[in-house]
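Please open the model in your viewer and keep the sequence panel beside it. The tour below goes from one selection to the next.

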Amino acid sequence: MQIQEVSEVTVRSFRPGDENIFFELLRNSYESLEYLPRLKAEITGPSLNREGSLIAEKNGSAIGCVGLRDLPRKKWHELRYLAVKNGESRIPLAQNLVSKARHYAESNHAESLSAFVPAIQPYVDVYKNAGFEPVRRSIMIGWELIEQPTERGNVQTEELSKEHANEAAEVWVEGLRPYWDWWIEEQGGPEELQSWVKESVGTEPGWIGAFLDEKLAGLAILRPDAYGSGEARFNGAYVLPKFREKRIGSALMSAAIREAQRLHQKRMKVYTLALLDHLAPGSLLYLKSGGKIEAEYLQLQRTSDPTKISMLFSTPGGGRFSRAPPFVEPASSSRAVA
Ligand SMILES: CC(C)(COP(=O)(O)OP(=O)(O)OC[C@H]1O[C@@H](n2cnc3c(N)ncnc32)[C@H](O)[C@@H]1OP(=O)(O)O)[C@@H](O)C(=O)NCCC(=O)NCCS
């Protein structure tokens, strides 16, 4: 595709101290369509590749940006935070930023390059025109933690302590499958994730387990105050495949909401997976527990050899994505998916 240069605009790499410029451009571009506390935490976090992240300037003022993130797996990267200020030449400038960031990643031998973008035009088309293909969606679901949950089944739930750490590591990775297989790969594989769980359970708060006959059958992860005082992050509910559809997920949701309320949380947010044409069970569970969809994102993948990658990643239904390689879910200082 021919990329039009935009007159009087210069593009430079991100420099230390530019976090606020990024944040203001994103705020200007998306306003209430984006969850700003999350963006702030990500931009100031360790995964932003500063050299590959770009700022467009006109007459000394920043008018556009795009971020390149390093994923935990070596040579896997993701483009995010594409924004052009209102009133500027939005499409050519956005195209220019994506093209330059892509060239940077490719010239550094990126093996996987994905993109994550609010499902908003013209940004989605800018990525598609740059050769990225939609692979799945991500949705943000939020709860106003006002009502007490009613679910009172026979599933026992409790906060996990250090003694559960090894079991929790197994249950979490198995509980992610098959929906998050791509994410496990992206994070460097199951062992990487398990070692993080072993360190985190009993050290960081918010690991809630569900037990059947005293065996851990599922878990949920709550991060109180993660997005500010009283603003919790929910890192998801996970149930071992053989115990699904027996209301264990519902019991975990009730336990997580009760725990959040006990900790004086006013709201809770999760980012979760949605396939291109339907919602995954996790989203349905969250909506049925009182959550509401607050934002929708598209995840896209660029690859020069789609057949190679489609061999590695299958859909939850067992079928293969025809051209659906791995991609990236919002990462964080923690390893948790959502
Ligand atoms: C999401 C998950 C935790 C649900 O756990 P569960 O114990 O099966 O859930 P429940 O039996 O309590 O079901 C609650 C609701 O979820 C939805 N649901 C659960 N499984 C479903 C499925 N296979 N298809 C469609 N909806 C489903 C239903 O709406 C159900 O309500 P209903 O029973 O009134 O129809 C489980 O499917 C899982 O571990 N998935 C993989 C991990 C994951 O993706 N978690 C979300 C991460 S953000």
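**Stop 1**

Select H264, which is exposed because 12 other C-beta atoms lie within 10 Å of its own. The cut-offs are as follows: a residue is buried with 20 or more other C-beta atoms within 10 Å of its own, exposed with 12 or fewer, and partly exposed in between, the C-beta atoms being placed from the backbone. H264 sits in the loop between α8 and β11. Its phi is near 60 degrees, a positive value in a residue other than glycine.

This is a predicted model, in which local features need pLDDT of at least 70 and side-chain atom pairs count only at pLDDT 80 or more, while totals for chains, interfaces and linings use all residues. Residues are numbered from 1 along each chain as its sequence is written.

Now go to R247, in the loop between β10 and α8. Phi of R247 is near 70 degrees, again positive in a residue other than glycine. R247 counts as partly exposed because it has 18 C-beta neighbours inside 10 Å.

**Stop 2: the whole chain**

Zoom out and colour by secondary structure. The protein has 10 helices and 12 strands. Helices (H or I, at least four residues) and strands (E, at least two) are DSSP runs, numbered from the N terminus. Of the 338 residues, 43% count as buried. Among contacts between residues at least 6 apart in sequence, 73% join residues at least 24 apart. Two residues are in contact if their C-beta atoms, placed from the backbone, lie within 7 Å.

**Stop 3: α1 and α2**

Select helix α1 (residues 19-30) together with α2; their axes come within 10 Å and cross at roughly 150 degrees. That angle makes α1 roughly antiparallel to α2. Axes are lines fitted to C-alpha atoms, for helices over the stretch in contact, and angles run from 0 to 180 degrees between N-to-C directions. Angles under 35 degrees count as roughly parallel, over 145 as roughly antiparallel, 65 to 115 as roughly perpendicular and the rest as oblique. The crossing of α1 and α2 is right-handed; a crossing has this hand if the near helix is turned clockwise from the far one by less than a right angle, and is left-handed if anticlockwise.

Show side chains for E19, F22, F23, L26 and R27 in α1, which meet L36, L39, K40 and I43 in α2. By class, the residues of this contact are six nonpolar, no polar and three charged. Ala, Val, Leu, Ile, Met, Phe, Trp, Tyr, Cys and Pro count as nonpolar, Asp, Glu, Lys and Arg as charged, and the others, Gly among them, as polar.

Stay on K40, in helix α2 (residues 36-43). K40 is partly exposed, with 18 other C-beta atoms within 10 Å. K40 and L26 are 14 residues apart in sequence and 9.9 Å apart in space, C-alpha to C-alpha.

**Stop 4: two cis peptide bonds**

Where is P122? Look in the loop between β5 (112-118) and α4 (123-129). The peptide bond from Q121 to P122 is cis, with omega near 10 degrees. Then select R177 and P178, also joined by a cis peptide bond, with omega about -5 degrees. P178 belongs to the loop between α5 and α6 (181-186).

**Stop 5: α5 and α7**

Select helix α5 (residues 165-176) and helix α7 (residues 190-200), whose axes come within 8 Å and cross at roughly 140 degrees. The two helices are therefore oblique to each other. Their crossing is right-handed. A165, N166, A168, A169, W172 and V173 of α5 make the contact with P190, L193, Q194, V197 and K198 of α7. These residues divide into eight nonpolar, two polar and one charged.

Continue to T203, in the loop between α7 and β8 (207-212). T203 counts as exposed because it has 10 C-beta neighbours inside 10 Å.

**Stop 6: around the ligand**

Which residues come nearest to the ligand? Of the 24 residues around the ligand, these are G236, G249, S250, P281 and G282. A residue is near a molecule if its C-beta atom, placed from the backbone, lies within 6 Å of it. The elements that give two or more residues to this shell are α5, β10 (231-239), α8 (248-262), β11 (267-274) and α9 (281-288). The largest share, five residues, comes from α9. By class, the shell has 13 nonpolar, six polar and five charged residues.
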